[in-house]
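Thanks, everyone. Please bring up the model, and I will walk you through some local packing.

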Amino acid sequence: MSDDHTHVQEFFGARAADWDSRFPDDGPAYADAVAALGLREGGRVLDAGCGTGRALPPLRAAVGASGVVVGADLTPAMLQAAVRAGRDGDGRLLVADVAALPLRTGSLDAVFAAGLIAHLPHPAENLRELARVVRPGGVLALFHPIGRAALAARQGRQITPDDLRAEPNLRPLLAGSGWRMTSYVDEDTRFLALAARAR
C-alpha cells in the first residue's frame with residue numbers, strides 16, 4: 001500500500017465512527033447533487049470514495065430496484081460505518097482504490113464523487129480510471145456539501161490558486177482525463193461540477 005493510501009485510511013479510519021454525526025444536515029445537499037446526475041430507472045452508478053454511504057439512498061432511489069449501485073472506498077472503517085447505518089441495502093460496498101477499480105470498461109452510466117478529488121494522489125490518472133468505467137456520454141459529479149470558500153474557512157485556511165476544484169484548474173484537468181465539464185457551481189451551500197464522458 002502506498003503512503004498516500006495509508007494516510008487516507010488513517011485519516012478517515014479515525015473519523016469513521018462519528019462521521020455522520022459531525023455532518024447531520026448534509027442529506028438534502030446529497031439528494032440534490034444526485035438529482036443533477038439525471039439517472040434513470042435501471043441505471044448503473046458508482047459512488048467513488050463513498051465513505052459512510054450517505055449518497056447511496058438517493059442513488060438507489062434514482063435508479064430503482066432494477067438499477068445497480070456500487071459504493072467503493074479505500075477505508076474499511078468507513079464501509080463498516082455504512083453497514084451500521086443500514087446503507088449496504090442500497091448498494092454493493094467494495095473496498096477498492098479509484099486508481100484501479102474492479103469494474104468492467106464502460107459498465108456504468110455515472111460516477112458520483114463526494115469530497116473525493118482533494119484526496120486523489122494522482123488526479124489526472126484517477127479521473128481517467130473513472131472515465132474508463134463509464135460509458136461514452138455517461139456523467140461524473142464532483143460534489144461537496146459546502147463550497148470551496150466555506151470549506152477553507154471551516155478548516156482554518158485560505159483558498160489557494162492551485163486548488164484543483166477552482167474552475168480554471170478543474171476544466172482542463174477533466175478535459176485531459178476523458179471528461180467534458182458541463183456545469184460548475186461553487187457557492188457557500190455546495191460545490192458541484194458535472195462532466196460528461198467524452199465519446
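Let me start with a glycine. Gly67 touches Gly42, Gly43 and Arg60, not counting residues up to four places away in sequence. Touching, or contact, means heavy atoms within 4.5 Å. Gly67 sits in the loop between α4 (56-63) and β2. Helices (H or I, at least four residues) and strands (E, at least two) are DSSP runs, numbered from the N terminus. With a relative accessible area of 10%, Gly67 is buried. Buried means under 20% relative accessible area, exposed over 50%, and partly exposed in between, with a 1.4 Å probe and protein chains only. The C-alpha atoms of Gly67 and Gly91 are separated by 9.6 Å, and these two are 24 residues apart along the chain.

A word on the source. This is a predicted model, where local features need pLDDT of at least 70, side-chain atom pairs count only at pLDDT 80 or more, and totals for chains, interfaces and linings use all residues. Residues are numbered from 1 along each chain as its sequence is written, and side-chain values use heavy atoms, with hydrogens and water left out.

Now the overall picture. The chain has eight helices and seven strands. Of its 199 residues, 49% are buried. Take contacts between residues at least 6 apart in sequence: 67% of them join residues at least 24 apart.

Next, the cores. A nonpolar core is a set of buried Ala, Val, Leu, Ile, Met, Phe, Trp, Tyr and Cys residues joined through side-chain atoms within 4.5 Å. In soluble globular proteins, nonpolar side chains tend to be buried together. Here the largest core has 30 residues. Leu46, Leu130, Leu140, Leu142, Leu170, Leu174 and Trp179 have the most contacts inside it. Elements giving two or more residues to this core include β1 (44-48), α6 (123-132), α8 (167-175) and β6 (179-187). Another core lies apart from it, with 19 residues, among them Ala29, Val34, Leu39 and Phe112.

Look at Trp179. Leaving aside neighbours within four places in sequence, its contacts include Leu127, Leu130, Val134, Leu174 and Ala195.

On to the aromatics. How many aromatic pairs does a search of the whole structure find? Four. Rings of Phe, Tyr and Trp (its six-membered ring) pair if their centres lie within 6.5 Å; planes under 30 degrees apart count as stacked, over 60 as edge-to-face and the rest as tilted. Tyr30 and Phe112 have ring centres 6.1 Å apart and planes at 45°, so this pair is tilted. Tyr30 is in helix α3 (residues 27-36) and Phe112 in strand β4, so the pair ties together parts 82 residues apart in sequence. Both Tyr30 and Phe112 are buried. Tyr184 and Phe191 form an edge-to-face pair, 5.5 Å centre to centre with 90° between the planes. Phe191 counts as buried, at 2% relative accessibility. Tyr30, Phe112 and Phe143 form one aromatic cluster.

Phe191 has another partner to show you. His144, in strand β5, touches Gly115, Leu151, Arg190 and Phe191, again not counting residues up to four places away in sequence. Is His144 buried or exposed? Buried, at 15% relative accessibility.

That's the tour. Questions, please.
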